[in-house]
Amino acid sequence: MAITSPDQLSRRTLLKTGLGLGVAAFAGIRPSFAMSDPIKLGANEVTVISDGNLSLPMNFLLPDRSAEEIEALFKPHGLPTDAATPDCNITVLRQDDRLVLFDAGAGANFQSSAGELLSGLDDAGIDPADVTDVVFTHAHPDHLWGILDDFDDVLYSEATLWVPQAEWDYWRADDTLAKTPEARKSFVVGAQSRFETMEDQVQMIKPGMEVIPGVEAVDTSGHTPGHMSFLIHGGSESVLVVGDAITNSVISFEKPEWNSGSDQDPQKGIETRKALLDRLATDQSRLIGFHLPNMGIGRVERSGAAYRFVAG
Ligand SMILES: [Zn+2]
């Protein structure tokens with residue numbers, strides 16, 4: 001990929017040394033470029049491109065926990081206890097003549113710190129018209145809303161848009177808006193309007209289906225009713241794109257049994273999370289988490305009765 005300016009070069013160098021994000025945050029400037037090194041899986045090449053980050057109040061993430069519990073969990077990590085600023089990581093798969101995105105990012109209308117994917121794709125030399133498939137884990141704003149461009153047309157005009165059937169049915173159901181709490185009604189309206197625009201390009205995903213050759217859909221519902229993860233096979237390794245089934249590098253790993261305010265069905269979210277962590281710790285295969293650090297890439301290790309995220 002071309003390096004277009006000394007300014008960009010310095011940002012890249014800083015990012016590669018692991019200093020860039022901190023320096024940029026301190027200066028109040030967000031880096032325009034963040035992309036992982038490629039992971040080779042046989043004929044598949046997986047990279048991760050940043051869509052920026054979100055800012056979420058802690059009482060949204062952990063509505064049932066006391067200030068003391070939250071402090072005891074985060075203080076040892078030197079992390080703030082009032083809010084989290086999770087990264088948003090878009091997995092990109094290149095395979096023969098296919099170019100696949102897993103989720104579409106937040107676009108311009110969710111949080112101002114997110115919606116960076118298009119500039120990341122540009123830096124990576126990817127034209128949106130070259131994207132052959134967009135595979136959705138679920139329909140929350142930070143994953144779906146980036147599917148439309150500034151004219152409210154589908155940004156990836158040539159792509160097949162893969163949506164979990166249960167997710168499609170849930171957000172489009174007549175009673176979903178009425179059943180949704182006020183604070184999240186915009187999620188429903190946003191999903192419905194985007195699905196309507198996308199409809200001609202949409203194909204449904206069912207659990208267990210091979211969506212792309214070597215890419216298997218895994219039911220990980222709980223965060224949303226139709227949430228799916230995707231196991232990318234190739235060579236002797238695999239990578240599980242977990243979406244938001246495992247969201248936070250501290251909470252999800254150290255307290256997987258805690259209710260998450262971001263899960264629409266907290267009890268199902270806990271069951272799914274625990275099963276995934278157990279499987280990943282046993283297999284020692286990599287995961288890519290949409291909101292985890294290190295561009296989401298790492299492994300799961302057991303730590304006492306719980307787990308730890310190991311970047312890499
Ligand atoms: Zn998310």
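Which residue in β12 is the bridge partner of Glu-216? Leu-231 is that partner. Before I go further: this is a predicted model, where local features need pLDDT of at least 70, side-chain atom pairs count only at pLDDT 80 or more, and totals for chains, interfaces and linings use all residues. Residues are numbered from 1 along each chain as its sequence is written, and side-chain values use heavy atoms, with hydrogens and water left out.

The overall picture, then. Of its 312 residues, 52% are buried, where buried means under 20% relative accessible area, exposed means over 50%, and partly exposed is in between, with a 1.4 Å probe and protein chains only. Take the contacts between residues at least 6 apart in sequence: 66% of them join residues at least 24 apart. Contact here means heavy atoms within 4.5 Å.

Seven strands make an open sheet with mixed pairing, in the order β10-β11-β12-β13-β14-β15-β16; two strands pair if DSSP finds at least two bridges between them. The edges are β10, residues 210-212, and β16, each pairing on one side only. From one strand to the next, the twist averages 35°. Angles run from 0 to 180 degrees between N-to-C directions, and axes are lines fitted to C-alpha atoms, for helices over the stretch in contact.

Within that sheet, β11 (215-219) and β12 (228-234) run antiparallel and are joined by 5 bridges. Strands β14 (286-289) and β15 (297-303) are also antiparallel, over 2 bridges, and Ile-288 has Ile-297 in β15 as its bridge partner. Next, β15 and β16 (306-311) run antiparallel with 6 bridges, and Arg-299 stands opposite Val-310 in β16. The hairpin of β15 and β16 has 2 residues between the strands, and Gly-304 there takes a positive phi near 60°. Helix α11, residues 266-283, lies across β11, β12, β13, β14, β15 and β16, at about 95° to β15.

On to the other sheet. It is open too, with 7 strands in the order β1-β2-β5-β6-β7-β8-β9 and mixed pairing. Its edge strands are β1 (39-41) and β9 (202-205), each pairing on one side only. The twist averages 25° from one strand to the next. Helix α7 packs on this sheet, touching β8 (160-164) and β9, with its direction at about 80° to that of β8. In the antiparallel pair β2 (44-53) and β5 (87-95), there are 8 bridges, and Val-46 stands opposite Leu-93 in β5.

What does α7 meet in α9? Glu-167, Trp-168, Trp-171 and Arg-172 of α7 contact Phe-187, Val-188, Ala-191, Gln-192 and Phe-195 of α9. The helices, α7 at 165-172 and α9 at 185-198, pack at about 115° with axes 9 Å apart.

Last, a residue in α9: Ser-186. Is Ser-186 buried or partly exposed? Ser-186 counts as partly exposed because its relative accessibility is 41%. Its C-alpha is 9.0 Å from that of Pro-141, 45 residues apart along the chain.

Key. Helices (H or I, at least four residues) and strands (E, at least two) are DSSP runs, numbered from the N terminus.
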